[in-house]
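Please keep the sequence and the structure open while going through the points.

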Amino acid sequence: MASKYTFDAIVVGGGPSGTAAALTMARGGLKTVLIERGRFAGAKNFFGGVMYTHALADVLPEYLERKPPFERPVTEQGYWMLSPDSVVRIMHKSEHYKQEPAEAHTVLRAQFDPWFAEQAAAAGALLITKTTVTHILQDAKGRVIGVRTDRPDGEVYAPIVVIAEGVNNLLTQKLGLIKNDLPPRFVALAVKEYISLPPKEIQARFGLSGANEGAAIDVFGDATMGLPGTAFLYTDRAGLSIGVGMLLEEFVSHKLRPYEVLARFKNHPAIQPYLDGGKPLEYGAHLIPETGYDRMPKLSAPGVMVVGDAAGMVDAMHREGTNLAMTAGKMAGSTAIAAHQANDFSAGFLRQYRKNLEATFVLKDMKQYRRMTDFLDSTPHFMGTYANFLNDAALRYFTAHGMPKRDMEKQIVGLLQERRSFFGMASDMLKLLRAMRG
Amino acid sequence: MHSVVAIKQVPDTSNVRINPETGTLIREGVPTIINPYDIHAVEMAVRIKEQFGGTVTVITMGPPKAMEALIECVEQGADRGILISDRRFGAADTLATSYVLAHTVEALQEAGPVDLLLFGKQAIDGDTGQVGPGVAARLHVPLLSNAVAIESFDPVARKAVIHRKIEQGIEVIETSLPALLTVEKEIAAVKRAPLPNLINAASYKPELWTADAPVPFDIEQVGIKGSPTIVGKAFTPPAREAGAIMSVAEKGLSEAVADALAMIVQASVVTLPNQNGGRP
């Protein structure tokens, strides 16, 4: 059988997780092929995008010398809470963020992913694009031994296959590592536009001193029409990334069209001035798994491991994903190297991958926020109610009517009680606390 | 059998815009592709190789980025890719380009005969269709432009029968080999390349030829020095306006025709004959 293997390892998908796995395995001396269905790595990707650098540094310590296509370092970040006509902003800006290398950057994946895949290729991985893996090949005992692609003579063999196929995890499903297709309740749909603006204009609008500063803003409340979800506004070098994400189920049950929700958000009086005069260059949509810790697929089986979005590795609470993906890719890669050294590709050996991952932030964070989706599910009013309250309260607080302040304070308390009973509020907070503590 | 295919990496003109001030293409940020006709030329060469054996060499003059295009040709089944790239080749017109490509083919001929030269009929960025014919003239080989099919191909008798598109229809013509064909897309439908080709191409490094090595080019004949063409002015022609539509369903046939005729007469395109049916 061994002679049939063309490669030591096959990676399906050239996103952050797959590329991190391929890079790690290639550096570990494994003959690795990375198969990507898009015209180039990143062609099928789309995301908000803040990328946290720690995971990249872990996979590729010399990343800075390789000149990654970062847009701007994130030097200011925070939350905007919208009501239909107002906004309360909580922003954090710090000199600390200016230390180099910056810990977070805005990036555009159509640029970042090809660069990252190039690093894997430079490490010796073979990058094959424009090719879709249609089947995972198994031997009579069910061990994974390779993949079949949509090309003529399209089979390749390896004792290890890393599935990094992304959120639409058809191969993971076919292998039976997860029972069902993604239910609309556990997958978010994000729509985004890239709006081109001159760098100077961006800096003036967001109060940034130069191209070495950038802002990352998450927006709640009216941005998603009060429904569970978030919107975002990130500064790129010469453009803005603006988008809205909500659970697919919300779009369906409220009969909302994603582009209409985005258009509504863009026209909000607190948002529109930031976009004014910008040219939309790109519109796109992408699914984000919100499956959570308890509904993850099995992460390994004989000869195969699953990484990244395909395994639901997303922390929606902190809008993290690419860092979880890269760390998981690296873990899967190191496990594959160890498996080759031990010449053991069994289920038992590959279970190391999950075990190692449990010790990292990836599964620890996912475990901690395991109830987040349920929380939003059980308190669908949460975002809308409190964002509106904050804005109304701020209006009272910051206006002088010749009214005694004690009366104003009573009014504010009244505003809250109108919206939510004391017990309702207490239950919301308790649920939130529980969801955060895990 | 040795076929040489010349290709060009071009901006994907389905995405391209014109700078209204300078009249030139805005190339920045526009994805590049292999000139659509050229990839059919590569496919034809690969099919001939599959039938008669031999090798397919793909050559291109262009910036370093054009390496990608050569690798794509190797994916498609070519054996060898040569990038002819040097700053001194920059800003070449069709005269200078045909010199560089012809000189490259001559250098390849030193190592062994070249039996067939294939070019796309024109590049979609410049649309001149002059480089292929220019190379044929320089190499003194028969030129068959706008080829749509190879009816027969005999590498032993060194003959081929080619169908080429002409204004009146299709011309069927027998040629001696070597010959140079510039091809239409119909010459060969591009097949989805097999996976082993892609695996092979993923680690393939095309050769880089400069103005000095491995063969020296005459610097007087390349780049801007060797290009007598001067672009006086480039402009975007005004978009054509849509024509009027006469609805027979609404107006009835005779009124629609009468209205249409009236519009034509008004536009002074034709004059109607007089009432007697005689000439005006």
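1. In chain A, seven strands make up an open sheet of mixed pairing, in the order E6-E5-E14-E15-E16-E13-E17. Strands are DSSP runs (E, at least two residues) numbered from the N terminus, and two of them pair if DSSP finds at least two bridges between them. Strand E6 (87-93) and strand E17 (279-289) of chain A are the edge strands, each pairing on one side only. From one strand to the next the twist averages 15°, with axes taken as lines fitted to C-alpha atoms and angles running from 0 to 180 degrees between N-to-C directions.

2. The model is predicted: local features need pLDDT of at least 70 and side-chain atom pairs count only at pLDDT 80 or more, while totals for chains, interfaces and linings use all residues. Residues are numbered from 1 along each chain as its sequence is written, and chains are lettered from A and ligands numbered from 1 in the order in which they are written.

3. Within chain A, strand E14 (residues 215-221) and strand E15 (residues 229-235) are antiparallel and share four bridges. A:Val219 faces A:Ala231 of E15(A).

4. Strand E9 (residues 133-138) and strand E10 (residues 144-149) of chain A also run antiparallel, joined by five bridges. A:Leu137 lies opposite A:Gly146 in E10(A). The two strands, E9(A) and E10(A), form a hairpin with five residues between them, and A:Gly142 in the turn has a positive phi of about 85°.

5. Where chains A and B meet, 10 residues of chain A and nine residues of chain B take part; contact requires C-beta atoms, placed from the backbone, within 7 Å. The chain B side has seven nonpolar residues, one polar and one charged. Here Ala, Val, Leu, Ile, Met, Phe, Trp, Tyr, Cys and Pro count as nonpolar, Asp, Glu, Lys and Arg as charged, and the others, Gly among them, as polar.

Terms used:
Two residues are in contact if their C-beta atoms, placed from the backbone, lie within 7 Å.
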